[in-house]
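User: I would like to learn how to read a sheet and some aromatic contacts in a model. Please give the general idea each time, then the case at hand.

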Amino acid sequence: MNKLLHIFTFSPVQGFISNSRRLSDLYHSSLLLSTLTKNLMEKLIKDLNTEIIYPVLVEDGQGLANYPNRIVFLADRCMCEDVVKNFQELWEEIYETILRKVLDEVGISKEEKQKIEEQAKLHLENYFRAYCECTNSEEVKKWKEKLKQNLGKDYDDYAVVYDWTERKLGALKSKKHYEPLMDAYTYNGGKHPDGCTLCGERAHLAVDWEKFKKSLQEDEKKEYIRRISHYLKEGEKLCGVCLVKRFAFYYLERQIFPSVHDIANAKFKEELKDFEQKYPDLANRLKSLLKKYTGEEKPRLWEYNAELFDIKELERTKMEEGDPEGVIDNLISELRGIYDKELLSEPSKNYFAIIISDGDSIGDWLGLKSERRKDKLERAFHEKFSKALSNYAREIKSLESKEKFGLRIVYAGGDDVLAVADLREFLDFAEKLNPAFEEKVGENASVSAGIVIGHQKDNLAYLLNEARKAEKKAKSVKGKSAFCITVIPRGGGPVSFWAKWEFLNLFKDTIEYFEKEIIGDRTVYDIKEIASKFEVSEEKPTEIVLALLRGMLKRRVDENKLKEHLRKEKKAFIEEYLQRLRELLEISNLENLANLFYTARFIAKERREKKHETAGANT
């Protein structure tokens with residue numbers, strides 16, 4: 001090889017994304033990372049005369065975070081120092097732009113602004129650590145000889161270079177650089193800040209946040225200021241990193257991502273769209289009241305957060321924050337009149353889904369001894385593989401519809417996908433992940449996914465962590481190509497069901513049986529009781545379990561509902577269903593079988609709930 005192969009990466013990534021309170025925090029932190037990679041790639045091509053192999057630079061990203069924190073490229077000389085320096089400069093440009101936008105018009109003194117900026121930069125300047133390695137011809141020669149000596153095979157130069165550079169990068173990243181953060185800033189006459197209320201990793205900025213927020217609210221003439229005030233919730237005190245994440249849209253120039261309430265109540269948002277067309281006068285009255293309440297004017301009614309249409313939430317806000325001008329009372333009165341006349345249904349859904357998926361054994365595709373890759377590991381294959389991953393990301397993005405609100409892609413870069421969806425859409429989306437990946441990448445390619453169903457009041461960072469646990473469980477399934485779905489009832493602990501992708505239809509059908517009341521809700525407790533009888537058994541008594549299930553289903557299957565919805569005979573339905581459960585038991589266990597029914601019933605119950613209520617741990 002005439003040119004030097006480089007591999008660049010930066011961290012932390014997962015911590016930066018996970019410390020999010022809102023979906024907009026999650027989306028903008030993902031998009032910030034992607035933008036950093038994209039900007040660096042553009043600089044590498046334009047200023048440093050390099051050839052990028054991975055990822056593929058897409059001209060129109062359409063607001064999608066679709067670039068990973070990794071770049072593989074070729075250059076005439078070692079560019080590691082230049083690339084790391086360029087990365088730090090790009091990060092500095094981003095956070096300084098956001099800080100300037102936020103602080104320029106805030107109604108506090110120049111000295112206070114300067115102190116906030118100094119402390120924020122202390123948090124930000126060394127937050128990301130960038131790593132880059134390359135390999136010279138002498139190193140390639142030595143490693144090639146060693147590989148031949150130990151593995152008895154003469155590998156192509158590109159494969160050897162990539163393998164050795166990857167190893168060098170891993171060694172470099174393992175050297176943990178420690179740089180203490182000396183944050184001695186104080187406020188209000190020497191008071192030291194507590195921890196940031198979002199991440200808890202650094203002290204919050206040394207400012208009186210109540211006074212800071214009040215100064216924003218007082219300047220009602222400036223739309224810009226009202227927007228800043230709107231995105232700082234009562235009691236929030238942010239560090240420099242979390243402040244930049246919260247207001248990242250000032251740099252990215254993107255629309256705010258939907259809230260968890262919007263996602264959970266996607267059906268309501270679609271009905272709201274129809275309502276605005278059918279009843280324009282009522283819609284305009286609501287928009288006028290919402291503008292007074294939020295300080296924001298939006299052209300379309302459905303662009304407002306679904307939570308603003310929830311009477312119980314408005315009453316809670318009124319109780320906690322007061323309503324001296326009667327704006328909340330007027331909004332509640334207007335909404336109550338609309339709901340009483342049944343012109344619109346209330347936003348009553350509480351649960352939503354987070355979907356995280358990742359390609360299986362991606363390292364193996366680019367390894368020296370690959371069981372998945374049919375071609376040699378050469379530059380041409382690597383470029384082809386990169387393009388396939390880029391096409392997969394675009395395919396996933398295309399599944400999102402602007403006309404519907406039940407699915408939003410947070411991130412799709414490389415083989416990784418992070419999305420949020422309502423309980424109507426999430427399984428249809430998850431079902432498309434594996435086939436799309438195999439189609440774009442090739443035979444033997446597969447993904448595994450972790451899905452969590454959580455309450456919109458739950459801590460988002462907690463739900464993300466549970467989704468990653470579910471993904472890890474799916475990755476532990478033999479041969480992978482699997483999924484794991486975890487439901488977290490309000491007030492209860494997580495319950496997970498896992499299986500290979502071919503069992504997803506069994507899960508979907510079981511939800512349908514509960515939703516249409518073909519199978520009674522008490523079935524969940526019957527299955528749990530059956531499973532508990534064999535907890536200490538070392539063997540899997542499949543035939544005995546199936547016999548018990550047959551008797552239970554004879555009692556629990558509603559013959560009238562079965563004929564109404566599926567037009568099937570009860571006996572044939574039970575035997576067909578038992579055969580599918582038998583196949584699941586062959587790769588699974590009784591606890592997982594019981595969890596199939598628990599998780600499916602939970603989702604079905606949430607789908608069919610009409611009134612605003614919280615589902616407890618025993619629903």
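User: In what order do the six strands of the open sheet run, and what is the pairing?

Analyst: This is a predicted model, where local features need pLDDT of at least 70, side-chain atom pairs count only at pLDDT 80 or more, and totals for chains, interfaces and linings use all residues. Residues are numbered from 1 along each chain as its sequence is written, and side-chain values use heavy atoms, with hydrogens and water left out. In general, strands of a sheet pair through backbone hydrogen bonds, either parallel or antiparallel. Here the order is 6-7-5-8-9-10, with mixed pairing. Strand 6 (407–413) and strand 10 (495–500) are the edges, each pairing on one side only. Helices (H or I, at least four residues) and strands (E, at least two) are DSSP runs, numbered from the N terminus; two strands pair if DSSP finds at least two bridges between them.

User: In what sense do strand 5 and strand 8 pair, and over how many bridges?

Analyst: Residues 351–359 and 447–455 pair in the antiparallel sense over nine bridges. Within strand 8, Ser-448 is the bridge partner of Asp-358.

User: Which strands does helix 17 touch?

Analyst: Contact means heavy atoms within 4.5 Å. Helix 17 (residues 379–398) packs on the sheet and touches strand 5, strand 6, strand 7 (416–421) and strand 8. The direction of helix 17 makes about 175° with that of strand 6; axes are lines fitted to C-alpha atoms, for helices over the stretch in contact, and angles run from 0 to 180 degrees between N-to-C directions.

User: How many aromatic pairs does the structure hold?

Analyst: Rings of Phe, Tyr and Trp (its six-membered ring) pair if their centres lie within 6.5 Å; planes under 30 degrees apart count as stacked, over 60 as edge-to-face and the rest as tilted. The structure holds 30 such pairs. One of them is Trp-91 with Tyr-95, edge-to-face at 5.4 Å centre to centre and 70° between the planes. These two residues are about one helical turn apart because they lie four residues apart in helix 3 (residues 80–104). Both Trp-91 and Tyr-95 are buried (under 20% relative accessible area, with exposed over 50% and partly exposed in between; 1.4 Å probe, protein chains only).

User: Which residues form one aromatic cluster with Trp-91 and Tyr-95?

Analyst: The cluster also holds Phe-8, Phe-10, Phe-16, Phe-87, Tyr-127 and Phe-128.

User: Which charged end sits over the ring of Phe-16?

Analyst: A charge sits over a ring if NZ of Lys or CZ of Arg is within 6 Å of the ring centre and within 35 degrees of the ring normal. For Phe-16 this is Lys-245, 5.2 Å from the ring centre.
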